[in-house]
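Subject: Structure handover

Dear colleague,

I am passing on the structure that follows, together with some notes on what was found in it. Please read the notes with the model open beside them.

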Amino acid sequence: MLDSDAAYLFGQGMSLTPKKSEQVQVSESYWNQQAQTLTLKLTTDSAWNKPFILVDGNEVADEFFSQPKLKMDGQTLYATYQVSNWLGEADISDKTIRVTVSDELILTETSTTVSTTPISIPSEGGLIWMLGFALLGGLILNVMPCVLPVLGMKLNSIIVGANQSAKQVRLSFLASTAGIITSFLILAGALSTLKMAGHMVGWGIQFQSSGFIIFMAVVTLLFAANLLGLFNIQLPSSMNTWLATKGDHSYGGHFIQGMFATLLATPCSAPFLGTAVAYALGASYGELWLIFVALGIGMSLPWILFTIFPSLVKAFPRPGPWMNKLKVVFGAMMLLTSLWLTSLLSVFIGKPATVAIIGIILLTVFILVGKTFGKKAVILMSGFSVFALGGGLIIGSITADSWSTPIVDNLHWQRLDANSIPALVADGKTVFVDVTADWCITCKANKIGVVLQEPVYSELQQSNVVTMRGDWTTPSDSVTKYLQSYGRYGVPFNIVYGPNHPEGIPLPVILTSESITQALNAASGTPNG
């Protein structure tokens with residue numbers, strides 16, 4: 001018969017043995033092969049106090065898990081482990097692990113299969129800081145090239161309405177502000193829906209859809225036709241007439257201008273914007289919506305200024321015959337935007353078909369100009385096009401010394417393969433990664449203005465440098481996972497790896513030759529200078 005004291009001790013010991021329960025769930029797990037880290041997201045019904053998390057299992061018997069870095073966020077706990085294997089590089093993807101959890105009121109054991117889908121850990125800066133970043137990022141979007149055509153339309157409507165009352169000015173700018181914020185809310189709703197459906201999300205992903213590109217190209221073409229005077233806004237009501245009319249002076253027109261300014265801004269990235277968007281897409285749905293509202297308010301700040309001080313409108317020149325010429329300039333800008341959007345279809349329908357569509361658009365515009373304004377206008381347009389092209393070539397030749405390399409990409413780009421980077425670094429190589437997209441204006445500016453210019457161009461051609469490119473023009477799960485592993489949800493993203501920095505040195509959104517050369521030198525261990 002079992003001694004009563006022994007039975008008591010046995011029962012006490014069993015009560016301290018972790019058992020499976022519903023107290024704690026491992027809601028997400030992420031194995032980062034490149035960084036050799038495991039991140040677990042655990043949730044419980046009550047707040048965490050002093051948790052202890054142990055990871056083991058039969059399938060990971062050869063792996064060593066370091067003390068975890070813990071981050072508590074209410075009822076959610078993030079635990080990140082550095083993982084090593086005495087045989088070499090660890091790989092625990094798709095393996096089953098046992099997770100033992102203890103806290104003041106918790107003692108349980110559960111298991112999970114390790115995933116390779118990234119987890120976003122909330123930033124230490126907190127929501128208040130991110131809202132500030134969102135306001136600044138939204139404000140900076142106003143000076144990005146993507147938005148300039150729509151800002152031109154807005155400037156045109158401001159000048160035309162210079163004689164309006166203060167109330168009319170306020171309402172027009174409030175309408176634009178409402179359009180901008182509405183577009184950001186639509187984006188937030190679409191991203192929330194995709195997240196709930198389990199899809200990967202990111203900034204500008206709508207440009208990965210051919211349908212969205214076609215829609216935007218058609219609408220910008222209609223706006224261009226209206227500004228160029230090719231659209232008869234007195235026609236019976238229809239979709240085209242409605243858009244052309246609304247794109248002019250009505251409050252509805254200001255609202256739509258605001259909406260399209262936002263949609264055209266999404267191919268651009270800006271300082272502070274990436275940080276705010278990354279936080280939003282990894283946070284709760286409520287925080288995501290708050291961040292996107294802040295982005296909308298930030299982008300609307302110039303319009304809000306005019307709403308508060310409508311007399312600022314009087315600082316613009318008075319309307320006159322020169323306005324017709326200005327409208328043509330804005331119309332040409334919008335036409336170029338439409339042609340650029342059309343060019344993005346090449347990855348979906350091929351280059352020959354895209355070139356043919358662009359040719360048809362240009363031919364149609366010339367015919368309409370001829371019918372509306374006569375042959376003289378067509379001759380002037382043709383002459384202006386030749387003059388602009390010739391002028392560009394002349395300016396290019398005069399400033400050739402400033403463009404120390406031709407704008408030709410002769411770098412040997414390898415397809416992005418995150419798993420091969422550690423081996424290349426171990427072999428003494430420096431790896432420069434460029435994650436880009438054809439529709440990303442900021443990416444193009446970085447490429448033409450910095451990457452393909454000296455001294456960066458020569459640095460990237462060195463024998464010890466490997467250049468890798470991730471293409472996010474169309475949906476790519478591997479590229480999206482790579483971006484999210486660094487807390488990024490949009491392009492451009494550039495990072496440099498090397499023997500001295502195998503974990504990588506992320507570069508700023510707006511590249512400079514100094515930032516790249518310094519990162520290359522630091523990663524490779526080469527002294528600066």
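Asp-94 is found in the loop between β6 (76-85) and β7 (96-103), where helices (H or I, at least four residues) and strands (E, at least two) are DSSP runs, numbered from the N terminus. The phi angle of Asp-94 is near 65 degrees, which is a positive value in a residue other than glycine.

Before going further, please note that this is a predicted model, in which local features need pLDDT of at least 70 and side-chain atom pairs count only at pLDDT 80 or more, while totals for chains, interfaces and linings use all residues. Residues are numbered from 1 along each chain as its sequence is written, and side-chain values use heavy atoms, with hydrogens and water left out.

On confidence, the protein chain averages a pLDDT (the predictor's confidence in each residue, from 0 to 100) of 81, and 79% of the residues score at least 70. Over residues 232-237 the pLDDT stays under 50, and the model has seven contacts (heavy atoms within 4.5 Å) for them beyond four places in sequence. Residues 239-248 also have a pLDDT below 50, and this stretch has 27 contacts in the model beyond near neighbours in sequence. Where pLDDT is low, the predicted coordinates should not be read in detail.

Another loop residue is Pro-68, which lies between β4 (63-65) and β5 (69-73). Leaving aside neighbours within four places in sequence, Pro-68 is in contact with Ile-53, Ala-79, Thr-80 and Tyr-81; from Pro-68 to Ala-79 the C-alpha atoms are 5.6 Å apart in space, and the two residues are 11 residues apart in sequence.

Turning to the helices, α4 (residues 166-196) packs with α9 (residues 285-308) at an angle of about 165 degrees, and their axes are 9 Å apart; axes here are lines fitted to C-alpha atoms, for helices over the stretch in contact, and angles run from 0 to 180 degrees between N-to-C directions. The pair α4 and α9 is therefore roughly antiparallel, given that angles under 35 degrees count as roughly parallel, over 145 as roughly antiparallel, 65 to 115 as roughly perpendicular and the rest as oblique. Their crossing is right-handed, the convention being that a crossing is left-handed if the near helix is turned anticlockwise from the far one by less than a right angle, and right-handed if clockwise. The contact of α4 with α9 has 23 nonpolar, seven polar and two charged residues, with Ala, Val, Leu, Ile, Met, Phe, Trp, Tyr, Cys and Pro counted as nonpolar, Asp, Glu, Lys and Arg as charged, and the others, Gly among them, as polar.

Helix α4 also meets helix α7 (residues 251-265), the axes coming within 7 Å and crossing at roughly 40 degrees, which makes α4 oblique to α7. This crossing of α4 and α7 is right-handed too, and the residues of the contact divide into 11 nonpolar, nine polar and no charged.

Helix α5 (residues 210-227) packs with α7 at an angle of about 135 degrees, with the axes 12 Å apart, so α5 is oblique to α7, and the crossing of α5 and α7 is left-handed. On the α5 side, Phe-212, Phe-215, Met-216, Val-219, Thr-220 and Phe-223 meet Ile-256, Phe-260, Leu-263 and Leu-264 in α7; by class, the contact has nine nonpolar, one polar and no charged residues.

Finally, there are two cis peptide bonds to look at. The bond from Glu-454 to Pro-455 is cis, with omega near 5 degrees, and Pro-455 is found in the loop between α15 (441-451) and α16 (456-460). The bond from Val-491 to Pro-492 is likewise cis, with omega near 5 degrees, and Pro-492 is found in the loop between α17 (477-485) and β12 (493-498).
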